[in-house]
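Please read them with the structure open beside you.

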Amino acid sequence: MIRSHRLSTIQGIVLAILCFAVTAAEAAGDHGTPTEVPIWNWTPEQIKDHVNRVRAGRDLSPKSWPNGAKVAVSLSFDIDTEPVWVGFQEVRTPSYMSRGEYGARTGHPRVLKLLAKHDIPATFFIPAMTMELHPEIVPGLLKHPEYEIAFHSYVHENPLQLTEDEERQIYKKALKIFEKHVGRKPLGFRSAAWDLTDATIKIVNEMGFLYETSMMSDERPYMLNSYGKETGLIELPVEWILDDWPLFQISWPTKHVAIRNADDVFSIWRDEFDVAHEEGTLFMLTMHPQVIGHRYRIKMLDRLITHMKDKGDVWFATHEQVARHVKEQAGL
Ligand SMILES: [Zn+2]
């Protein structure tokens, strides 16, 4: 008994040492950022280091926009279809699949019709699996050189659940499918989570992207910095109030139910645009054909584009055109 007790004490000490070593290793991230220690026990340096992982660098607002325009407007549509439900919301029943299908079958043609009516460009962020599930979408977009097709995951998986190696391998797999359908590499990257892992910037840079569009430090374009250093990636910032999903979408898995009056959303987006116009900056919207493509909402978007055109001095451009212009003006 005593011997056994003594053994278990020794074993306990060894175990405690091993556990401490593991906890200490877990606690120190790449840059020594503690992950297991409560935030109130972090040092100021550790907190600063953590915040500095991804931050806004210099403002990349150009001196002027093309054609003497006062404001740049760049509309994007994330054709997430079924992948957003199976990949991100993790619901896989036929009802959710049909909602994704609505985006490809009904919403997307309405979006195309509206863009054609106003003769304006747009950027389409498309998960690789949307291209596989709806192979008619990309050829339809390729008929219009004024449209940009950009990168938006494999199956709208949440990158925050992935290891660095998994994230890299999944993006490589997605890129192969993207290139098969589009015939070229994408220049724009949008995270499916509108969030970045510790590895995302490194991977995105390895893959040769021109710009990133998932962060929210500003409304103006800026240099994306990591640990105080410029990454070379141009950030075209997004914002939840400039996204149709939280304003209109019904998502039972996340208990998010928003059936807004179109006039409410129109007034938010109109005022956001009007101030962007006054300040001479950038106005971007993120929309989803399965959300904005419903009848009363597409009418609202029609009204908004008409308002922007009536205001005048607007440069409608793809995200790629904005990023290229900004880069050139900054002498990068
Ligand atoms: Zn998406």
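**Notes on the predicted model**

1. Arginine 190 is placed over the face of phenylalanine 125, at 4.1 Å from the centre of the ring. A second contact of this kind involves arginine 303, whose charged end sits over the ring of phenylalanine 266 at 4.4 Å from its centre. Please keep in mind that this is a predicted model, and that side-chain atom pairs have been counted only at pLDDT 80 or more.

2. As to the overall make-up, the chain holds 13 helices and 12 strands, and buried residues account for 48% of its 332 residues.

3. The zinc site deserves a careful look. The protein donors are Asp80 (OD), Asp80 (OD), His152 (NE2) and His156 (NE2), which lie 2.1 to 2.8 Å from the zinc ion, and along the chain they follow the spacing D-x71-H-x3-H. Aspartate 80, in the loop between β2 (71–78) and α3, and histidine 156, in the loop between β4 (147–151) and α7 (164–182), are 76 residues apart, so that this pair links distant parts of the chain. Both aspartate 80 and histidine 156 are buried. Because the angles subtended by the 4 donor atoms run from 50 to 132 degrees, the arrangement around the zinc ion is irregular.

4. The loop between β4 and α7 also contains serine 153, a residue other than glycine with a positive phi, near 80 degrees. Serine 153 counts as buried, because its relative accessibility is 4%. Aspartate 119, in the loop between α4 and β3 (122–126), likewise has a positive phi, of about 55 degrees, without being a glycine, but aspartate 119 is exposed, with a relative accessible area of 65%. Both deserve a check, because most residues other than glycine have a negative phi.

5. A search of the whole structure returns 13 aromatic pairs. One of them joins tryptophan 85 and tyrosine 96 in a tilted arrangement, 5.0 Å centre to centre with 45 degrees between the planes. Since tryptophan 85 belongs to helix α3 (residues 83–89) and tyrosine 96 to helix α4 (residues 94–118), the pair ties together parts that are 11 residues apart in sequence. Tryptophan 85 counts as buried at 0% relative accessibility, and tyrosine 96 counts as buried at 11%.

6. The rings of phenylalanine 189 and phenylalanine 209 form an edge-to-face pair, because their planes stand at 65 degrees, with the centres 5.6 Å apart. This pair links distant parts of the chain, with phenylalanine 189 in strand β5 (residues 188–189) and phenylalanine 209 in the loop between α8 (200–206) and β6 (211–212), 20 residues apart. Phenylalanine 189 is buried, at a relative accessible area of 1%, and phenylalanine 209 is buried too, at 7%. Ring pairs link Phe189 and Phe209 with Phe151 and Tyr171 into a cluster.

7. In the largest nonpolar core, which has 48 residues, Phe77, Phe124 and Trp269 touch the most other members. Leaving aside neighbours within four places in sequence, phenylalanine 124 contacts a set of residues that includes Phe77, Ile79, Leu141 and Tyr147. A second, separate core of 20 residues includes Trp65, Phe125, Leu236 and Leu282.

Definitions and conventions. Residues are numbered from 1 along each chain as its sequence is written. This is a predicted model: local features need pLDDT of at least 70, side-chain atom pairs count only at pLDDT 80 or more; totals for chains, interfaces and linings use all residues. Side-chain values use heavy atoms; hydrogens and water are left out. Rings of Phe, Tyr and Trp (its six-membered ring) pair if their centres lie within 6.5 Å; planes under 30 degrees apart count as stacked, over 60 as edge-to-face and the rest as tilted. Helices (H or I, at least four residues) and strands (E, at least two) are DSSP runs, numbered from the N terminus. Buried means under 20% relative accessible area, exposed over 50%, partly exposed in between (1.4 Å probe, protein chains only). A charge sits over a ring if NZ of Lys or CZ of Arg is within 6 Å of the ring centre and within 35 degrees of the ring normal. Donors are N, O and S atoms within 2.8 Å of the metal (3.2 Å for Na, K and Ca); water is not among the atoms, so sites may look incomplete. Four donors count as tetrahedral if all angles lie between 85 and 135 degrees; four count as square planar and six as octahedral if opposite donors are over 155 degrees apart and all others between 65 and 115; anything else is irregular. A nonpolar core is a set of buried Ala, Val, Leu, Ile, Met, Phe, Trp, Tyr and Cys residues joined through side-chain atoms within 4.5 Å. Contact means heavy atoms within 4.5 Å.
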